[in-house]
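Hi there,

Here is the structure I promised to pass on to you. Have a look at it first, and then read my notes below.

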Amino acid sequence: MGNSIFGIGLSALQAAQQGLLVAGHNVGNAATPGYTRQQTVQSTNQAQPTSSGFIGQGVQVDTVKRSYNEFLTRQVAQARTESSQLDTYFSQMKQIDSLLADSGGSLGLSPALQDFFGSVQSVATNPAEVAARQSMLSNSEILVRRFQSMDGRLNEIQDGTNTQIKDSVSLINTLAERVAKLNGTIRQAESIVGGQPANDLRDQRDELAAQLNDQIRAKVVVQGDGTYSVFIGGQSLVTGTTAVQLDVAPSALDARRLEVTYASGGNAVPVKESNLDGGKLGGLLQFRNESIDAVRNGLGRIAMVMAGTVNEQHRLGQDALGNPGADFFTVPSPSVSASTVNTGNGVVAAEVVSYSDLATKDYQLRFDGANYILTSVTNGVKGVAQTFSTFPQTVDGVRLSLTSGTIAAGDEFLIRPTVNGAAQIGVAVQDTSLIAAAAPIRTETPLANSGSGRISSGTVDAPPPPNPNLQQPVTLTFTSPTTFDVNGVGTGSPTGVTFTPGGSISFNGWTVKITGSPSAGDTFNIGPNTNAAADNRNALLLGALQTSNTMAGGTANYQGAYGQLVSLVGNKTRELEVTSESQAALLSQTKAVQQSESGVNLDEEAANLLRYQQAYQAASRVIQTANQMFDALLDVTR
């Protein structure tokens, strides 16, 4: 009997002691990241059968288990990866929002645009004044530098994004290696103790999986042997004790664009970006695809359309030296890059043929051996593909042509019409006398005319023609109030031309209008402008471009297009701020639910410590009683 009571007391003592150890372990790790509350699982020892019935033999501790809820853990991981992605996207987006929204500061584009066109209006007011012309050149340089400065800042943001992508991939590799190593450690440790769970090691592995979800959405699959297999975007990252190493490499189509790759058969295989979502890496890739490319293209389109349309009008004028106007700005060309893995030697060129139709899209061109497939890419989303079989082809104001070589099946090209717009715009005119503020023609209504007809000052037709007859003298002679003859080089000298009051009359690349009622014998003269220095007609037309809808198919002006870009970025930033805060609140709620079941409650553990202490003391009393009984039995036998 004594031995039996000793055994019961000892088992109770050991159970209480283990309970104290586990409760103390919980208290000690209450603040340890990823720690899951542990508790002992007890059962009664097999009872001893007697003629009086089954006599209990005490207690045994079967295992120490974690208060682990797989469903809640997955919910927390899901909330963490979503929150990390939104936080990352928002923090990156704030940089661009600050850049574009600085309308009154040194970085915003609006003040520079206004100052430039303000100086154009000053030239229109005082065309012969050198100071006004110099102000126009100075403000054009400021505008160009503003475009270049904003593009440079975008480059810094993109470089920073690339650095963060590299760091995130490196951290993913480290975490994957540690998960794989823990898979082996846990399997070995649990096999030594007959399959008992290595709780602390499992907590560490779960915390690593959670940290992985902070970087990228990771799917964890528990295998039959208890190891974790981890997948990202359908690609295996961890299998057993083996971890796949990810890397980053320049895109075959765009060297400045980093792609995430994995090793397969000795080759670096790119991972589809659409599969890399969630976490910091997903947020960085989403920001790059949806926002930074869109802003760069949008800013570049404004620069190219402004430069191109100003050039078109400037070429219609005449400078102070009496020469036809030349390009005022240097207009960047569209970017065309061939894939580094192309097998053909074909060279594709792109040329802007309509500034009004320019879009903020990029295009991927692929040859399948029979046809060319052109797919537009807007904010990272591919549009409907166009198919054609021959060059040249025009899309959104850009003409594509094959300039040399042969394109092989499978060859790809990336066409970015506006990506270089802000970076490469420049001022071509450096001399104030070369500003074409004047019109190259003048019109005259002789005082000897007897009718009330009056001729307009005339305009040069766009596009500027390489017409040697533009400034040839032309005379319109009315043979009756409703007909006139034309006399002049290059006109063909037609006779009996029907006259419509206020109607357009066009010859040699110019257009005039005659209003009122000319009389028979009245003449109207069109000839070269011999006083270009004091003429402001083309400067007025240049200034009018500020409010003209020359962009987006004739639906927006420069300032309006910039305003749309600022609004787009501002709205997206605000959207991300709201959704990021909402997701953070959801994450906190999910963690609270998970911690209510798996976290350490210090009040509860204090109660457990007291309970196990009392149990330990009671078990000691049982052993003490058994000892007294054993001593009494020995005394009887003496």
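Which residues make a nonpolar surface patch of about 270 Å²? They are Phe630, Leu633 and Leu634. Please keep in mind that this is a predicted model. Leu634 belongs to helix α10, which covers residues 602–637. Its relative accessibility is 33%, so Leu634 counts as partly exposed, because that class lies between under 20% for buried and over 50% for exposed.

Next, the strands. As a reminder, strands of a sheet pair through backbone hydrogen bonds, either parallel or antiparallel.

Start with β6 (residues 228–232) and β7 (residues 235–239), an antiparallel pair with 3 bridges. Here Phe231 faces Ser236 of β7 as its opposite residue. The hairpin of β6 and β7 has 2 residues between the strands, and Gly233 takes a positive phi near 60 degrees.

β7 also pairs with β8 (residues 242–243), again in the antiparallel sense, over 2 bridges. Val238 has Ala243 in β8 as its bridge partner. This hairpin, too, has 2 residues between its strands, and Gly240 in the turn shows a positive phi of about 60 degrees.

Further along there is an open sheet of 3 strands, in the order β14-β20-β19, with antiparallel pairing. At its edges are β14 (347–352) and β19 (393–395), each pairing on one side only. On average, neighbouring strands of this sheet are turned by 30 degrees against each other, direction ignored. Between β19 and β20 (residues 398–404) there are 3 bridges, and Thr394 stands opposite Arg399 in β20.

Enjoy exploring!

Best wishes

Notes:
Residues are numbered from 1 along each chain as its sequence is written. This is a predicted model: local features need pLDDT of at least 70, side-chain atom pairs count only at pLDDT 80 or more; totals for chains, interfaces and linings use all residues. Side-chain values use heavy atoms; hydrogens and water are left out. Patches are made of residues with over 30% relative accessible area and no salt bridge: like charges are joined within 9 Å, nonpolar side chains (Val, Leu, Ile, Met, Phe, Trp, Tyr) within 5 Å. Accessible areas come from the Shrake-Rupley method with a 1.4 Å probe; for residues, only the protein chains shown count as cover. A salt bridge is a side-chain nitrogen of Lys or Arg within 4 Å of a carboxyl oxygen of Asp or Glu. Helices (H or I, at least four residues) and strands (E, at least two) are DSSP runs, numbered from the N terminus. Buried means under 20% relative accessible area, exposed over 50%, partly exposed in between (1.4 Å probe, protein chains only). Two strands pair if DSSP finds at least two bridges between them. Axes are lines fitted to C-alpha atoms, for helices over the stretch in contact, and angles run from 0 to 180 degrees between N-to-C directions.
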